[in-house]
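Hello,

Here is the structure I promised to pass on to you.

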Amino acid sequence: MLSRTAENLYWLARYVERAEYIARTIDATLRVTALPAAYIGKTNEWESALLTAGVSASFYEAYPEATEQNVVEYLAFSPSNPSSIKNCIEAARLNSRSVRTALTSEMWDTINSAWIELQEVWGKGTSSREELARFLRFVQETSLRFDGSAYRTMLRNDAYWFSRLGLHLERADNTARILDVKYHVLLPEEEHVGGPLDYYQWTSILRSVSALTAYHWVYRETLKPWLIADLLILNDTLPRSLASCYSNLVRNLDQIGVAYGRQGAAQRHARGVRNRLEHSHMDDIFQHGVHEFIQEFIADNARLGEIITKQYLI
Amino acid sequence: MAVAFDEMNGPGGDLRPAYRELSRWLKETPPDALEYRRQEAELLFRRIGITFAVYGDAEAQERLIPFDVIPRIMSAKEWSVLEKGLKQRVRALNMFLRDIYHGRDILRANIIPDDLIFQNPVFRPEMNGQSVPHDVYVHIAGIDIVRVDADNFIVLEDNARTPSGVSYMLENREIMMRLFPDLFARHRVAPVERYPDELLSALRSVAPLSAAAEPTVALMTPGVYNSAYYEHSFLADKLGIELVEGRDLIVKNDEVFMRTTEGLKRVDVIYRRVDDDFLDPLTFRPDSALGVPGLMSAYAAGNITLANAVGTGIADDKAIYSYMPEVVKFYLGEEPILKNVPTWRCREPKDLAYVLDNLSELVVKEVHGSGGYGMLIGPAATKATIEAFRDKLKREPEGFIAQPTLALSTCPTCTASGLAPRHVDLRPFVLTGSNHVTIVPGGLTRVALKEGSLVVNSSQGGGTKDTWILDE
């Protein structure tokens with residue numbers, strides 16, 4: 001297929017995934033900030049929402065402080081934030097238009113309808129929490145529909161695999177960012193472990209990757225920070241865990257390699273990251289520093305993106 | 001201006017036979033049911049994303065072309081005349097182009113003045129002596145036809161460069177079949193759905209000799225911001241070929257390749273929807289970012305077929321248009337089946353004088369304009385507009401032609417106050433391959449939605465209709 005088509009499919013999937021992730025982040029932050037201060041401490045949750053979205057620096061160029069209104073506005077609707085939900089959906093639609101021939105009509109319909117709704121219903125943003133909740137649901141449903149229609153209607157060929165590469169690379173990055181911002185509340189040596197303060201932080205983390213119920217099914221235990229870290233980093237059965245993202249990345253890259261009869265740097269690099277995740281234990285990770293581990297992962301993940309681009313997309 | 005011919009209710013208000021079933025159906029169908037289906041059609045168009053861009057209108061970057069749900073109907077007999085005339089006309093266009101870029105018999109026979117060719121900006125000296133596979137220049141032609149009475153179809157314009165609109169012909173039919181299955185069941189409508197197959201086989205048939213047994217065809221678009229982008233992606237999809245932009249292509253050793261995830265892949269035929277000027281920055285406009293450096297040298301080496309060929313603008317130029325009846329006679333030795341609109345060439349002093357004296361009666365068009373931009377419709381224009389145009393005309397008479405305002409035929413159309421006659425034209429699409437000329441039965445009917453308006457262009461508030469050729 002055309003390199004440009006592959007690139008568009010890859011970015012299309014990334015933008016949709018990112019929109020959903022930002023929506024989840026806002027959703028989780030709304031929940032946590034609705035709690036009385038006694039439960040969540042003095043941290044500014046909107047500030048950390050900006051950090052997990054990776055747009056903290058650019059936010060402060062436009063706004064003096066991280067209030068709910070400012071942050072929601074910036075994350076969801078701001079035209080000047082390249083990762084705002086609005087911009088993600090617009091970029092997704094532009095990418096879709098450029099590769100209409102590679103999309104199924106169901107996928108196009110999902111993105112195009114979302115784009116139309118974005119203009120017609122959400123053009124002026126939201127004016128109440130209720131509206132905001134509806135908007136966030138709309139974004140998440142768009143992502144689910146897109147993902148589902150890709151899964152159910154696309155031919156299993158390179159077009160599908162490149163789109164999945166985008167999805168999993170973005171997803172790995174998002175999960176890693178949450179961990180990067182919140183890792184301190186997961187550290188087992190913290191004094192007040194198990195206090196109400198952490199409990200709500202933990203549920204918030206799990207919620208933002210839609211893993212709260214999954215946690216209970218996997219561990220059948222009350223929330224424990226090291227198990228949360230284990231779930232998000234190493235547990236291959238959780239679709240948003242780093243391990244699961246890399247199993248998928250390796251598989252999709254292998255499928256491309258087989259179809260093209262050629263392996264390359266992308267396949268080797270992805271396998272390397274996957275192997276490291278497979279052979280790690282939480283104990284070791286905590287011992288060597290969660291923060292360092294995550295930082296290294298984020299760099300490795302970004303590197304994979306660069307290698308894929310060089311090998312296939314330009 | 002004469003009273004317009006209505007295609008449903010002919011002269012004297014007699015229902016014409018092709019519309020018999022439709023008329024019966026309309027009587028049975030409550031008006032709000034029509035309105036409901038109209039809304040549904042609009043929703044479908046929006047969701048499919050069949051939009052076009054209006055240049056110079058930042059507010060509405062993507063717009064829908066209004067779709068009128070009342071079909072335009074023609075009998076098989078009417079169509080067969082049109083079909084013959086169209087094939088004849090396109091054959092002549094191809095022979096004319098071959099001649100202009102080679103022997104120039106027609107100039108030596110003094111049928112067309114030399115300077116009209118050589119001083120014409122759309123004449124491409126690069127094409128002199130250049131041979132193209134099977135001597136086909138215009139693979140895809142869109143011939144704009146208007147009707148003035150029961151018997152006469154008139155060619156308004158030949159589009160031999162990159163005619164658009166065929167996606168509307170196909171999508172309008174799809175939507176009509178979805179919305180009005182009952183109405184279809186009562187007619188035998190000739191299908192148009194073979195168009196993509198016919199187009200692909202025409203394109204493959206003109207692959208260069210150096211192509212592989214299975215030639216690779218690609219559709220080249222200026223990109224997602226082009227007004228006809230939807231059509232480009234639609235056609236690439238239906239044909240199952242790659243939709244490429246200039247930056248996806250690269251020329252090496254006079255061969256054209258596309259950049260794919262598996263490396264470079266040779267391309268043999270390009271259905272290009274990019275104007276000549278932007279094809280190759282090394283040959284034409286150096287500032288073109290849409291083109292492919294070296295494309296023209298690969299073309300000269302005979303390693304790539306461009307459809308339509310470079311330089312076809314000289315055949316659909318409005319100044320050349322007025323010579324088309326003579327062109328048909330000269331190459332085919334036949335009487336032209338389709339008439340031309342009587343045309344005054346403002347470059348000729350006698351004609352100019354007449355035009356200047358009768359501006360309020362005439363339609364004056366720029367020789368190189370298209371899309372309904374920059375034209376004067378005398379009877380509808382204000383005095384001031386006419387005077388402004390008069391100055392333009394005097395300054396540069398060779399840039400204009402003038403025609404009488406035609407009484408374009410009308411068809412019943414949904415309006416705010418119920419069904420009413422509105423003026424229509426027709427653009428059938430004529431395909432030319434290595435050894436045959438084909439037309440799917442139908443075309444794009446454009447309708448001027450404003451009462452009394454004669455401008456059907458989508459950029460000027462026109463809409464479209466499905467066109468039914470009854471298979472009797």
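To start with a definition that the sheet below relies on: two strands count as paired if DSSP finds at least two bridges between them. Please keep in mind throughout that this is a predicted model.

With that in hand, have a look at chain B. Strand S6 (residues 217-220) and strand S11 (residues 269-272) of chain B run parallel and are joined by four bridges. One of the residue pairs is B:Ala218 with B:Ile270, its bridge partner in S11(B). These two strands belong to an open sheet of four strands in chain B, in the order S7-S6-S11-S12 and with parallel pairing. Which strands stand at the edges? They are strand S7 (242-244) and strand S12 (305-307) of chain B; each has a single partner strand, so one side of each is left without a neighbour in the sheet. From one strand to the next, the twist averages 30 degrees. Helix H9 (residues 229-239) of chain B lies across S6 and S7 of chain B, and runs at about 150 degrees to S7(B).

The peptide bond that joins B:Ala307 and B:Asn308 is cis, with omega about -5 degrees. B:Asn308 is found in the loop between S12 and helix H11 (313-316) of chain B.

Next, the two domains of chain A. The domain assignment gives domain 1 (1-154) and domain 2 (156-314), and their centres, taken over C-alpha atoms, are separated by 20 Å. The contact between them takes 29 residues from domain 1 of chain A and 26 residues from domain 2 of chain A. On the domain 1 side, H1, helix H2 (37-40) and helix H3 (45-53) of chain A each supply at least two residues. H1(A) gives the most to that side, with 17 residues. By class, the domain 1 side has 17 nonpolar, six polar and six charged residues.

Chain A also touches chain B, in a contact that takes 18 residues from chain A and 16 residues from chain B. Helix H1 (3-33), helix H6 (85-98) and helix H7 (105-120) of chain A each supply at least two residues of the chain A side. Which helix gives the most to that side? It is H7(A), with five residues. The residues of the chain A side divide into eight nonpolar, five polar and five charged.

A few single residues are left. Two of them have a positive phi without being glycine. For A:Arg220, phi is near 45 degrees; this residue is in the loop between helix H11 (212-219) and helix H12 (225-233) of chain A. A:Arg220 counts as exposed because it has 7 other C-beta atoms within 10 Å, where the cut-off for exposed is 12 or fewer. B:Asn110 has a phi of about 60 degrees and lies in the loop between helix H4 (105-108) and helix H5 (114-118) of chain B. B:Asn110 is exposed too, with 8 other C-beta atoms within 10 Å.

Lastly, B:Glu83 is in helix H3 (residues 76-100) of chain B. B:Glu83 is partly exposed, with 19 other C-beta atoms within 10 Å. B:Glu83 and B:Val440 are 357 residues apart in sequence, and 9.2 Å apart in space from C-alpha to C-alpha.

Best wishes, and enjoy looking through it.

Technical notes:
Residues are numbered from 1 along each chain as its sequence is written. Chains are lettered from A and ligands numbered from 1 in the order in which they are written. This is a predicted model: local features need pLDDT of at least 70, side-chain atom pairs count only at pLDDT 80 or more; totals for chains, interfaces and linings use all residues. Two residues are in contact if their C-beta atoms, placed from the backbone, lie within 7 Å. Ala, Val, Leu, Ile, Met, Phe, Trp, Tyr, Cys and Pro count as nonpolar, Asp, Glu, Lys and Arg as charged, and the others, Gly among them, as polar. Domain bounds come from an automatic or database domain assignment. A residue is buried if 20 or more other C-beta atoms lie within 10 Å of its own, exposed if 12 or fewer, and partly exposed in between; C-beta atoms are placed from the backbone. Axes are lines fitted to C-alpha atoms, for helices over the stretch in contact, and angles run from 0 to 180 degrees between N-to-C directions.
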